[in-house]
Amino acid sequence: MLTDQKIGRILNKRTEGVIKVSTFFVETHTHLDLIKKNTQEVVRDAAEKKVTKMVTIGIDLESSKIALEFASRFEGVYAAIGFHPHESKFLDEENLKELEELTRKDKVVAVGETGLDYYWKHSTLPCQMEVFKKQISLARKLNLPLIIHDREAHRDTLKILAEEAKGLKILLHCFSGDLNMAKVCIERGYYLGIGGVVTFNNAKKLRAIVKEVSLENLVLETDSPYLAPHPFRGKPNEPKYIPLIAEKIAEIKGISLEKVAKITSKTAQEFFGI
Ligand code: NI
């Protein structure tokens with residue numbers, strides 16, 4: 001006979017859908033302030049898919065402040081504080097000081113996202129480089145990891161990191177280099193953020209990298225609200241889609257979803273100290 005409790009359990013299993021893991025996922029890169037939906041719902045929907053820890057990323061002073069506010073409001077949410085390369089031109093001495101103040105607060109787990117973007121070039125290249133270096137110094141001063149944005153700027157990103165960021169923990173978010181660059185990064189002890197792009201039809205190069213490198217060097221991210229994974233490509237992205245990325249990685253590497261969740265969560269937790 002089916003008791004109410006049993007029926008409840010069966011229904012629960014059904015609504016879980018494909019996500020059958022005993023552990024949890026860590027989302028290493030979301031922009032909660034840019035997702036056009038009630039943040040409490042976003043966090044709750046993610047938790048329902050076992051995405052129980054996430055790092056929300058600042059792109060300028062204002063969004064860094066909001067990241068911090070979300071981190072103080074929600075248990076599993078942590079903040080990264082920084083200036084995106086697009087916004088480099090707006091970083092002056094005064095807001096650099098303010099940024100440093102923010103970075104000393106509770107639940108701030110990284111500086112970023114910072115780096116170089118030679119695709120859009122919303123700020124000039126010398127300005128981007130200068131602001132990147134300033135944020136590397138900030139990370140060193142506060143002994144925090146760095147979250148790096150590198151778009152079509154691989155050579156300069158690697159050069160600046162080699163010169164300025166020795167000994168710091170580095171995560172290349174939304175990794176877009178080739179296999180050779182991935183190997184250089186891993187040799188240097190950097191971590192690679194893998195997001196929805198890995199599920200795209202035209203992402204053969206990234207899938208080959210994921211197959212080749214060790215799972216221990218990878219962490220999961222959505223970069224939401226951008227870059228939603230298949231079958232939601234082109235639609236608004238959210239942290240709740242992390243398991244779709246993990247499933248793709250499991251498929252590419254021929255391992256279980258459970259293992260992807262376990263190993264990437266361990267890596268991300270150690271990286272951010274969360
Ligand atoms: Ni981002």
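## The largest pocket

Let's start with the largest pocket, whose lining takes in 32 residues; Arg151, Cys174, Val197, Asp223 and Leu227 are the ones nearest its centre. Two or more lining residues come from each of strand 4 (108-117), strand 5 (146-151), strand 7 (191-194) and helix 8. Please keep in mind that the model is predicted.

The space in this pocket amounts to about 870 Å³. Sorted by class, its lining holds 13 nonpolar, 10 polar and nine charged residues.

## The nickel site

A nickel ion is held by His29 and His31, each through NE2, by Glu113 through OE and by Asp223 through OD, at 2.1 to 2.4 Å. Along the chain, these donor residues follow the spacing H-x1-H-x81-E-x109-D. His31 sits in the loop between strand 1 (25-30) and helix 2 (39-48), while Glu113 belongs to strand 4, so this pair ties together parts that are 82 residues apart in sequence. Both His31 and Glu113 are buried.

What about the geometry? The angles subtended by the four donor atoms run from 87 to 176°, which makes the arrangement around the nickel ion irregular. For four donors, a tetrahedral label would need all angles to lie between 85 and 135 degrees.

## Backbone features worth a look

Pro225 is placed in the loop between strand 8 (218-220) and helix 9 (242-253).

Asp223 is likewise in the loop between strand 8 and helix 9. Asp223 has a relative accessible area of 9%, so it counts as buried. Cys174 is another residue other than glycine with a positive phi, in this case near 50°. You will find Cys174 in the loop between strand 6 (170-172) and helix 7 (179-187).

## A cavity

How many cavities of 30 Å³ or more are there? The count comes to one. The largest cavity holds about 30 Å³ of space, and it is lined by Asp150, Leu172, His173, Cys174, Phe175, Ser176 and Met181. Four of these lining residues are nonpolar, two are polar and one is charged.

Leaving aside residues up to four places away in sequence, Lys205 touches Ser176, Gly177 and Asp178. Between the C-alpha atoms of Lys205 and Leu168, which are 37 residues apart along the chain, the separation is 28 Å.

Val210 lies in helix 8 as well. Is Val210 buried or exposed? Its relative accessible area is 0%, so Val210 is buried. With residues up to four places away in sequence again left out, Val210 touches Ile194, Val198, Leu218, Ile249, Ile252 and Lys253. Thr56 is 154 residues from Val210 along the chain, and their C-alpha atoms are 24 Å apart.

Key
Residues numbered from 1 in each chain as written. Predicted model: local features only at pLDDT ≥ 70, side-chain atom pairs only at ≥ 80, totals over all residues. Heavy atoms only, no water. Contact = heavy atoms within 4.5 Å. 1 Å grid on protein atoms, 1.4 Å probe; cavity = no way out; pocket = protein on both sides within 12 Å on 5 of 7 lines; lining within 4 Å. Points joined across faces, edges and corners; volume = space filled by probe spheres on them. Helix = DSSP H or I, 4+ residues; strand = E, 2+ residues; numbered from the N terminus. Nonpolar A, V, L, I, M, F, W, Y, C, P; charged D, E, K, R; others polar. Donors = N, O, S within 2.8 Å, 3.2 Å for Na, K, Ca; no water. Tetrahedral: all angles 85-135°; square planar, octahedral: opposite > 155°, others 65-115°. Buried < 20%, exposed > 50% of the residue type's maximum accessible area, 1.4 Å probe, protein only.
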